[in-house]
Amino acid sequence: MTQVMTDSVLSNGVGKLTSVSGYALLLDEDSIELREYALRELNTVVDGHWFEMAEYLASIENCFEDEMFPSREQAALLASKIYFHMEDYDEALKYLLSSYRLFDPLDSSSFSESMVVKCIDEFIKVCKAHYNNTNNDHSDSDIDIDHYLKNATVITVNGLDSRLEEIVSDLISRSNSNGRFLNAMGIALEARRSDLLVKILKQTLEGIHNDNLAQFCDQCFNLIRHLDSNQFRFKSYKILIKLIEEKVTYIEDNPSLKTYCECLCVIGDSEKLFTILMNLSNDLTNFSKAYSIAFIIKDYENVTLMNNIISKIDFHLLGVSTKTEVEECKDSKSENQGQSISNDRLNKIRSILTGEAVSELNLQFLYLNNQPDLGVLEHIKNNCDQRSAISHTAIVMSHGLMQAGTTCDVFLRNNLEWLGRATHWSRFSTASSLGIIHMGHIKEAFKVLSTCLPNGGNNNNTSSNNNSTNSNSGGNALGGQYSEGGSFFALGLINASYMDPKAKEYLLEKLRNPQRNEVLQHGASLGLGIMGFGSCDTELYDELRNVLYMDNAVAGEAAAYGLGLVMFGSGSKKAIGDLLSYAKDTQHEKIVRACSVALGFVMFSQSGEEANELFQQLNSDSEHFIRYGAMHVLGLAYCGTGNEFAMEKLLHASVSELSDDNKRAAVFALGLVMCRNTQQIPQVFSLLCDSYNPHVRYAAALTLGITCCGMESPKITAILQSMTTDSTDIVRQAAYIGLGLLLMQQNESSNDKFTCIRQQMIKTATDKHEHIATRFGAILGLGLMDAGGRNVKASLFSRNEESLRAQSVAGFSLFFQFWFWFPLVHCISLSYIPTYIVGLDDQLRVPKSFSMQCNSAKEKFDYPKSFSLDKNEDKKVVVTAVLSTASKKKSKKQKSIVGDTGNGAKEINDSSSPLSASKQVNDEERIKTELSKTLEDEVDTKMNIEEKTEKEEVEMIVEGGDSENSKGNDKKSNSFVLNNPFRILKSQEQFLEYIPDSRYLPVLPLQKSGFILLKDNKPSEQEEYLFTVGQDSNKDTISTFEENKETGKEGEESNEKKEKNDDEKMFDNDDGKFEEMVPPETFEWQG
């Protein structure tokens, strides 16, 4: 044995082990000391000799299984390391748990790091399975949370190895003590362990000062928001709220107020939010915070939450007004004055929550910062097939999406003759596009639609009957019933964010029209549905149901959509029963399909047994459009949850369904379920994009664009770009629309393929040999790319990207139905969210002097370059215009040579000397040679210019290029200043900072998007305001801005023309030939 040991230790170099067979043979010895010695030595060299030790695994395992052997843990650790190197991680974990006392999770070896990950994954897997199996509706109640906080109860997880729990608990404790509490929180959140979450938060909060509490709460909030389980996410927010309340005595003065209120918005606690708003509105110094919190509540767009707060405010104002009337008799003037100020603040808060103030501000921002590229539409209009009604409709729709909310319809006004070619339902789409353009223009809604509404939109009660009669007997002069129906739809789009009582009564009256015009009812039903979104208004519900029961295919389809929108997310059993029973009774496929989609609207965010039962009931029906509704029910009920049951059912339906319509619906619903997990979406949908079925590929491309709007993802861009060459026209259509959504608010710097894709879409849109479906998709994609004047994004989430935005989900779902009905394209505008920062003072005025600094290159977040027609024309056409200064000098030299030639010839002819005859011939030959040489040089110059222009894009060679280069260098500076109000992108927020020592600073320092309430540090100085919310004097502000803007444009155009004329005069003489300007003569100044 000694000889074997000696042979195994012998080496080529000093101390270098060549074989471990000598140590391994000691494992079979009877001596305990020898076996312990062998295990210790083998553990030190296992990383380099594991392949040799694998032959002795049986001996190592025998040592572990010997219960009398004192070093069993050493044997288990060695076996774990060998299995790890053999990549059998399950066995490695099994033996690791038997030696957990010897395992150091903080060791830097690859074995330790990999096994820590394996332990955490196993811990999360077991705990999550236990949570899903034992979870019930009362597990996240306040009583349960209070129980965790007071008693520090430890959750017992069935099937969890205590040794594994000890390893993970030790790892969490070490991370928390080292200040890496976010890592520890991540494990607790993924494992659904609320007891560990409470423990981690309590330990961390004990060592945090109030000054750092806001940053801590913000980090916790951002970590919790990424949970895919809605129920546990709400529970985690409630835990955070309780701990903040324990830490802070008066939350209104604490920097963590913003995060605290955001948590309350997520869980929908209207009582606490109302209390905060009341306390802040009565505070003389902090009342502007109340406006800021109101804007945050509005950003979450929880209709139920906002309605509850508004009703509480109304009740309070009603009680105060009654009390004030009594006090007025007692001459308590000072108290009444203070109460009046408080009421004024509450009214402003109410206007914010109802959306009236937000609509005004959105309208002003989108108008002032409007940057559309209308040259693209003009180019497509002039080069597309003029006989195609689909191309005509696509351009009008694209223009509406491009100018959404900007109130700018210049393109339509400049092309009225072309616009008049629309007929029938194309007129409906054209009129409804005005609703997108003027979205939010609530006060002037009837005025802007006066050319389309019956009798100019006069909705007085005395003439309502006459209006109804006229609308059916011919209507207005711009299209009759189709433009009138489209104007009703447009009226709903204008009031999408705020239900105007006047507009509601007007549409209801048109809906009750006894003459029952299906086109008008179609437009009015859609308009009322959008206007009453999520309101559960019984009057709207009854009227729309009456239209549905008329069993008219056109009107009934819109009425079913309207019913679903009004009852959106309510889970009403009555609505479900009405829609389902009528879908089975009617014979119209349009109504069946619309009722099926409406069932999904009613079940939005109603995940649970009710949704599963309804899905099973619909999915087992023989009618394929009833099963079509099953997909929408599952997708909308589990929207954003990442639920495995829903994903499994939808993936199965996308493969096994017999109907192509249902396959498309299943893929779209799958995207809704997975919309929070943006990292997993490309992996799943890249497989669906390779499906043999073109309808699956179509839905996958469109859903990729919907779920990843504006995302800077080269992988998704490559997937969609490759699908633009698909053999099926509908797939190419969806790919272009998906690219339009994906490239929203991107430019050449953020996406190197942006210009290439844009040029490809323009080429496809004008290619008459391309299929009309593909051209339709390319035109829509271009409109979506520049949506809202390039100042909005389409998103399934609210501005803070935390909560699902119900209105966006409805808008995308209706947009997806444009496969069956083109006018539903307009509904995608419901998902538009302006991306801005608007600074407001405590009087809700927009100060002009507020600005922020962005510490990044300007071109990274700048608007993309506008379309240039020169780049799409034949390069050879403009060759003569492309002349450098050098070529002009050569041209001048040529003219002088020609002049000299003429003079020389004249002199020769006049000469009478016979001696000059031979010289004349020689001079003529010399001049001709020089002239031909000069002309050849000129031709060479032109040819070089032609080659250059053919090889590159056409670029005008202009004098003064150095100044342009200097401007380009300035543009690439590392920082720039943004003036109020300005567009801001999500990726840009990290580079923003408030300018120190400036006049205005935010009341909530961590806020860097949306509406920011400002504190004026120099109130005594004068200020110029761009806009004031709710001010009557600004009633015609938009028209004034239009006049100023048009005047400015005309002034710029006149200046450009003047400069152009001056430039032409600089180079032209009286004969119209180019000539260099002669510098003035020198003179002496005698002042």
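User: Where is T259 found?
Analyst: In this predicted model, T259 is found in helix α14, which spans residues 257-267.

User: Is T259 buried or exposed?
Analyst: T259 is buried, because its relative accessible area is 3% and the cut-off for a buried residue is under 20%.

User: Which residues is T259 in contact with?
Analyst: Apart from its neighbours within four places in sequence, T259 is in contact with A214, C217, D218 and F221.

User: Let me step back. How many helices and strands are there in the protein?
Analyst: The protein has 49 helices and eleven strands.

User: And what percentage of the residues is buried?
Analyst: Of the 1087 residues in the protein, 53% are buried.

User: What about contacts between residues 24 or more positions apart?
Analyst: Among the contacts in the protein with a separation of 6 or more, 74% are between residues 24 or more positions apart.

User: Now M115. What is its place?
Analyst: M115 lies in helix α7, which covers residues 110-134. M115 is buried, as its relative accessible area is 0%.

User: Which residues does M115 touch, leaving aside its neighbours in sequence?
Analyst: Setting aside the neighbours within four places in sequence, M115 is in contact with F84, Y89, A92, L93, L96 and F103. For L96, the separation from M115 is 19 residues in sequence and 8.4 Å in space, C-alpha to C-alpha.

User: How do α6 and α7 cross?
Analyst: Helix α6 consists of residues 89-98, and its axis comes within 11 Å of the axis of α7, with a crossing angle of roughly 90°. Angles of 65 to 115 degrees count as roughly perpendicular, and α6 and α7 are therefore roughly perpendicular to each other.

User: Which residues meet there?
Analyst: From α6, the residues are Y89, D90, A92, L93 and L96; from α7, they are F111, M115, K118, C119 and E122. By class, this contact of α6 with α7 has seven nonpolar, no polar and three charged residues.

User: Why describe helices with both an angle and a distance?
Analyst: Two packed helices are described by the angle between their axes and the distance between the axes.

User: Then how do α42 and α43 cross?
Analyst: The axes of α42 (residues 754-765) and α43 (residues 772-785) come within 8 Å and cross at roughly 135°. That angle makes α42 oblique to α43. The crossing in which α42 passes α43 is left-handed.

User: What makes the contact between α42 and α43?
Analyst: On the α42 side, the contact is made by F754, R758, M761, I762, T764 and A765, and on the α43 side by T774, R775, A778, I779, G781, L782 and M785. By class, the contact of α42 with α43 has eight nonpolar, three polar and two charged residues.

User: Changing topic to strands: what is the order in the open sheet of four strands?
Analyst: The order is β7-β3-β10-β9, and the pairing is mixed. The edge strands are β7 (982-983) and β9 (1000-1002), each of which pairs on one side only.

User: How do β3 and β7 run?
Analyst: Strand β3, residues 836-840, runs antiparallel to β7, and two bridges join them.

User: How about β9 and β10?
Analyst: Three bridges join β9 to β10, which run antiparallel. L1014 in β10 is the bridge partner of P1002.

User: Which helix lies across β3 and β10?
Analyst: Helix α16 (residues 287-300) does so, and it runs at about 170° to β10 (1010-1016).

User: Last one: how many residues of α38 are buried?
Analyst: Helix α38 covers residues 681-688, and six of its eight residues are buried, so it is largely enclosed by the rest of the structure. The buried residues in α38 are I681, P682, V684, F685, S686 and L688.

User: What covers the buried residues of α38?
Analyst: The cover includes α36 (644-656), α37 (660-673), α39 (694-707) and α40 (714-723).

Definitions and conventions
Residues are numbered from 1 along each chain as its sequence is written. This is a predicted model: local features need pLDDT of at least 70, side-chain atom pairs count only at pLDDT 80 or more; totals for chains, interfaces and linings use all residues. Side-chain values use heavy atoms; hydrogens and water are left out. Axes are lines fitted to C-alpha atoms, for helices over the stretch in contact, and angles run from 0 to 180 degrees between N-to-C directions. Angles under 35 degrees count as roughly parallel, over 145 as roughly antiparallel, 65 to 115 as roughly perpendicular and the rest as oblique. A crossing is left-handed if the near helix is turned anticlockwise from the far one by less than a right angle, and right-handed if clockwise. Contact means heavy atoms within 4.5 Å. Ala, Val, Leu, Ile, Met, Phe, Trp, Tyr, Cys and Pro count as nonpolar, Asp, Glu, Lys and Arg as charged, and the others, Gly among them, as polar. Two strands pair if DSSP finds at least two bridges between them. Buried means under 20% relative accessible area, exposed over 50%, partly exposed in between (1.4 Å probe, protein chains only).
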